[in-house]
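My notes follow in the order I made them.

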Amino acid sequence: MPTTEHNQHHTPDVSSQETPPTVTTLDELGKLANYSLMDTLNCDPDAKANGADHAPRQVFTGHYVPVNPTPIKDPEYVAHSKDFFRELGLADSIAQSDDFVRMFSGDISQAPAPMRKVGWACGYALSIYGTEYTHQCPFQTGNGYGDGRAVSVLEAVIKDRRWEMQLKGGGRTPYCRGADGRAVLRSSIREFLAQEHMHALGVPTSRALSLYVSKTEKVKRPWYSEGSRSKDPDRLISEAVAISTRVAPSFIRVGQLELFARRVRKQEHPKAMQELEMIVLHLIDREYGDVIDTRLTTAEKVVLLAREFRSRLTSLVANWIRVGYCQGNFNGDNCAAGGFTLDYGPFGFCEVFDPQYQPWTGGGHHFSFLNQPVAAERNFHMFWAALRPLLASHPDSLEQLDEIRSGFADVMQTKMEAMWAAKLGLDTFHPALFSELETLMVEMPVDYTIFFRELSSLPDDIGPLQKSFYQASSYAADPEEMNKRWSQWLAKWTSLIDSPSTTGANAAQSRSRKEISRQMKLVNPKYSLREWFVVPAYQQAAAGNYSLVRELQDVMTQPYAEQPKNVEDKYYRLKPAEFCEVGGLSYYSCSS
Ligand SMILES: Nc1ncnc2c1ncn2[C@@H]1O[C@H](COP(=O)(O)OP(=O)(O)OP(=O)(O)O)[C@@H](O)[C@H]1O
Ligand SMILES: [Mg+2]
């Protein structure tokens, strides 16, 4: 069953959900602290040891800069992820306890030992669709680019798994490039909800821990006037700042490997090769420890790393497309080297199926919905290029590495076909059937989520599918003809569903219609985080009412489940026409 394969990483730990919380205070969490990054990688020798390093500057060497977050003023609790707390064994009550709130709203000065009273930020390089950029940093060198507002504050081993906790919007770092280091409540709510939704969808992702907003501190951001149809924001608004904490096995990005590999290539300093090797081995420990044997040589490890990352990245992107997700800005620095979703900024879940769907006005076609496999390949290319210097004296390993690189497109294609087959409830991919479907969906706008979910009930006729049809002019112009074409497609699909190759030639292999439907409903979610659900939630939150945020948390963390009728009526719906083509709802310029 392809889903199992799609869900192979980060599957919820069911067993831990029944045990009582083991961490009920910040002190208890503190005892689990274990700082592998700070203890094994190189610190920038120019950094201020006390972490008061907030002005933009160039960082020439080292893997991290110690930097303290800047607390937000008068923090107020907005949300925490109950699911993730349960998985970690954290008691819900600590999310609102004074010391936890203080720490995860940016004040780590009272962190209980052995937690450290200093956080860290990392530099990384930027590449866009496989092209290296250096000029986006104020020094035109790339040495000022990295975590500009993301500050990690804790690494801990919890229930035998290592987790890094990172504040987003935690204030300025040397990589802030003159910006304020803050995130606003709007973008923080989006990221918070999306991370937990994505996890519940079975797609590898950074997780959301907690979210606090400042009652008094605001920053200005460009945004849209109510109902604006212009592509770019037309005004500056003042928004409350917030700090959300996200959690992952590591936050190492492809861009980080690229940074060190560029330094090797340019022979920037004598330790460049050593620093590249260190970050790669650290990545393996943090993200690939369970699949790469520590006793292997570096050359062997590098080859395995590339193969495993290729496998994860291709699964990830196939999963994104399965659930209708568009990352929007799939740069090398937004591509986690552990192969999970990272940086929910200009993302969106498509409603109308559109291969070119791209919610971010600055993103361009290259990062659009169905181009994500190609964008992923570009990121993989940069990853591969960053690893190559490590194999310079190992021609056999280098050859293997190069083969892994050149095989990317085939692996991606295989995963995509398996994904489409699973969405259609079929054991194998049927190119003609799929391409007819794609043509129909493009010609006659359908809601991607609703269409596949309705199909999952194996309808006898197109009646139920019509729930997903947007009454666009192409349909309205000749509904009879359109219905006929849909009926023909449905008949072909139904005959495949009922054919022995799908149901199995003999009774032992056969999947009943009921079983096919059940499996399809595990692949095709009922609920997806549509932007027009999120907008009122963050608008209410801005006025201090978090009830819609909570409601969305509940609904969107059970995306495959049938939920009560009132939930279905509210959230299993086509996008209302008045929300189409509206700035901030259908697209956005900036996400921070
Ligand atoms: N308000 C800000 N202050 C300082 N740096 C910022 C700010 N907004 C974005 N950046 C930095 O600009 C770069 C590009 O921004 P992008 O939108 O990809 O990242 P992000 O959403 O902040 O971060 P992440 O990738 O960590 O989720 C990142 O390195 C980010 O740290
Ligand atoms: Mg980013």
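**Entry 1: α9 and α12**

I looked at the hand of the crossing between α9 and α12, and it is right-handed. The model is a predicted one, which I keep in mind throughout. Helix α9 spans residues 298-323 and helix α12 spans residues 408-423. I read an angle of about 35 degrees between them, with the axes 9 Å apart.

Next I listed the residues in the contact. α9 supplies R310, T314, S315, V317, A318, I321 and R322. α12 supplies F408, V411, M412, K415, M416, M419 and K423. Sorted by class, this contact holds eight nonpolar, two polar and four charged residues.

**Entry 2: α14**

Helix α14 runs over residues 448-455. How many of its residues are buried? I found eight of the eight, so α14 is largely enclosed by the rest of the structure. The buried residues are Y448, T449, I450, F451, F452, R453, E454 and L455. R453 and E454 are among them, and I noted both as charged.

**Entry 3: α7 and α8**

Helix α7 covers residues 254-265, and helix α8 covers residues 272-287. Their axes come within 8 Å and cross at roughly 160 degrees. Parallel or antiparallel? An angle over 145 degrees counts as roughly antiparallel, and α7 and α8 are therefore roughly antiparallel to each other. Their crossing is left-handed.

From α7 I wrote down Q256, L257, F260, A261, R263 and V264 as contact residues. From α8 I wrote down A272, M273, E275, L276, I279 and V280. By class I have nine nonpolar residues, one polar and two charged.

**Entry 4: D333**

I went to the annotations. In UniProt, an unreviewed entry gives "active site" at D333. Where does D333 sit? I found D333 in the loop between β11 (325-326) and β12 (348-349). D333 has 25 C-beta neighbours inside 10 Å; the cut-off for buried is 20 or more, so D333 counts as buried. Setting aside neighbours within four places in sequence, I get contacts of D333 with Y124, L126, R253 and G255.

Buried or exposed? N334 has 23 other C-beta atoms within 10 Å and is buried. D343 has 23 C-beta neighbours inside 10 Å and also counts as buried. Beyond four places in sequence, N334 touches Q327, N329, L342 and D343. The two annotated residues are therefore in contact with each other.

R149 is in the loop between β5 (131-133) and β6 (150-158). It is buried, with 23 other C-beta atoms within 10 Å. Leaving out neighbours within four places in sequence, R149 contacts K168, G169, G170, C176, G181, R182 and A183.

R253 is in the loop between β10 (235-248) and α7. It is buried, with 27 other C-beta atoms within 10 Å. What does R253 touch beyond four places in sequence? I have Y124, G332, D333, C335, A336 and A337. D333 in this list is the residue annotated "active site".

**Entry 5: H80**

My last stop was H80, in strand β2 (residues 75-80). With 23 C-beta neighbours inside 10 Å, H80 counts as buried. H80 and S210 are 130 residues apart along the chain, yet their C-alpha atoms are separated by 4.1 Å. Not counting residues up to four places away in sequence, H80 touches F85, A95, L209 and S210.

Definitions and conventions
Residues numbered from 1 in each chain as written. Chains lettered and ligands numbered in written order. Predicted model: local features only at pLDDT ≥ 70, side-chain atom pairs only at ≥ 80, totals over all residues. Axes fitted to C-alpha atoms, helices over the stretch in contact; angles between N-to-C directions. Helix = DSSP H or I, 4+ residues; strand = E, 2+ residues; numbered from the N terminus. Parallel < 35°, antiparallel > 145°, perpendicular 65-115°, else oblique. Left-handed = near helix turned anticlockwise from the far one by under 90°. Contact = placed C-beta atoms within 7 Å. UniProt positions renumbered as here; feature names shortened; annotations may be inferred. Buried ≥ 20, exposed ≤ 12 C-beta atoms within 10 Å, placed from the backbone.
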